Amino acid sequence: MKKKIILIGILVIVVALSIFIYFRYFFVFGDGVKAGEMNYFVHEGYIFKTYEGKLIQSGYKSTTTTTLQSNEFQFSVSDKNIADSLMLSSGKQVELHYKKYLAPLPWRGVSEYVVDKIVSIN
């Protein structure tokens with residue numbers, strides 16, 4: 001009887017941990033399209049080399065009542081073909097489709113926003 005309770009307890013912990021990991025790292029919380037001017041795109045990292053980029057969107061946002069700054073969209077790319085296209089797009093107007101995860105994974109990139117498709121490059 002004691003072995004059965006311990007086995008059920010371990011099973012419950014494993015299932016709960018699996019559900020937590022799935023929702024935290026693999027569940028797509030949202031997706032959409034962002035447009036703007038490609039500011040930079042780099043391939044960087046110490047252990048996991050990932051593709052990271054920044055898009056400058058039109059308009060301004062204010063973090064306090066006395067300062068203005070541009071809207072920036074920081075993102076990661078896990079597909080090498082998409083990354084190769086974006087490497088040549090610095091300074092161009094782009095529209096990118098992205099997926100938002102609740103937390104990043106080291107091999108997927110440092111941002112919770114992961115671009116999975118280029119809609120257009122002008």
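Is Ser 76 buried or exposed? Select Ser 76 to begin: its relative accessibility is 0%, so Ser 76 counts as buried. Buried here means under 20% relative accessible area, exposed means over 50%, and partly exposed is in between, with a 1.4 Å probe and protein chains only.

The model is predicted: local features need pLDDT of at least 70, side-chain atom pairs count only at pLDDT 80 or more, and totals for chains, interfaces and linings use all residues. Residues are numbered from 1 along each chain as its sequence is written, and side-chain values use heavy atoms, with hydrogens and water left out.

**Stop 1: around Ser 76**

Colour strand β3, residues 69–77, which holds Ser 76. Then show the contacts of Ser 76, leaving aside neighbours within four places in sequence: Tyr 51, Glu 52, Arg 108, Gly 109, Val 110, Ser 111, Tyr 113, Val 114 and Val 115. Contact means heavy atoms within 4.5 Å.

**Stop 2: the whole chain**

Zoom out. The protein chain has two helices and five strands, in the sequence order α-β-β-β-α-β-β. Helices (H or I, at least four residues) and strands (E, at least two) are DSSP runs, numbered from the N terminus.

The C-alpha trace spans about 65 × 40 × 30 Å along its principal axes. The radius of gyration of the protein chain is 19 Å, whereas a compact globule of 122 residues would have one near 14 Å. That radius is taken over C-alpha atoms, and the globule rule is 2.2 Å times the number of residues to the power 0.38.

Of the 122 residues, 26% count as buried. Among contacts with a separation of 6 or more, 55% are between residues 24 or more positions apart.

**Stop 3: the nonpolar core**

Select Met 38, Phe 41, Phe 75, Val 77, Leu 86, Leu 96 and Val 115. Within the largest nonpolar core, which has 14 residues, these touch the most other members. β1 (28–44), β2 (50–61), β3, α2 (80–87) and β4 (93–101) each supply at least two residues of this core. A nonpolar core is a set of buried Ala, Val, Leu, Ile, Met, Phe, Trp, Tyr and Cys residues joined through side-chain atoms within 4.5 Å. In soluble globular proteins, nonpolar side chains tend to be buried together.

**Stop 4: Gln 57**

Move to strand β2 and pick Gln 57. The relative accessible area of Gln 57 is 19%, so this residue is buried. Beyond the neighbours within four places in sequence, Gln 57 is in contact with Lys 34, Ala 35, Gly 36, Asn 71, Glu 72 and Phe 73.

**Stop 5**

In helix α2, select Ile 82. Ile 82 is buried, because its relative accessible area is 10%. Residues up to four places away in sequence aside, Ile 82 touches Val 77, Val 115, Asp 116, Lys 117 and Ile 118.

Which helix holds Val 15? Val 15 lies in helix α1, residues 2–26. With 42% relative accessibility, Val 15 counts as partly exposed. Its C-alpha atom is 30 Å from that of Asp 79, which is 64 residues apart from Val 15 along the chain.
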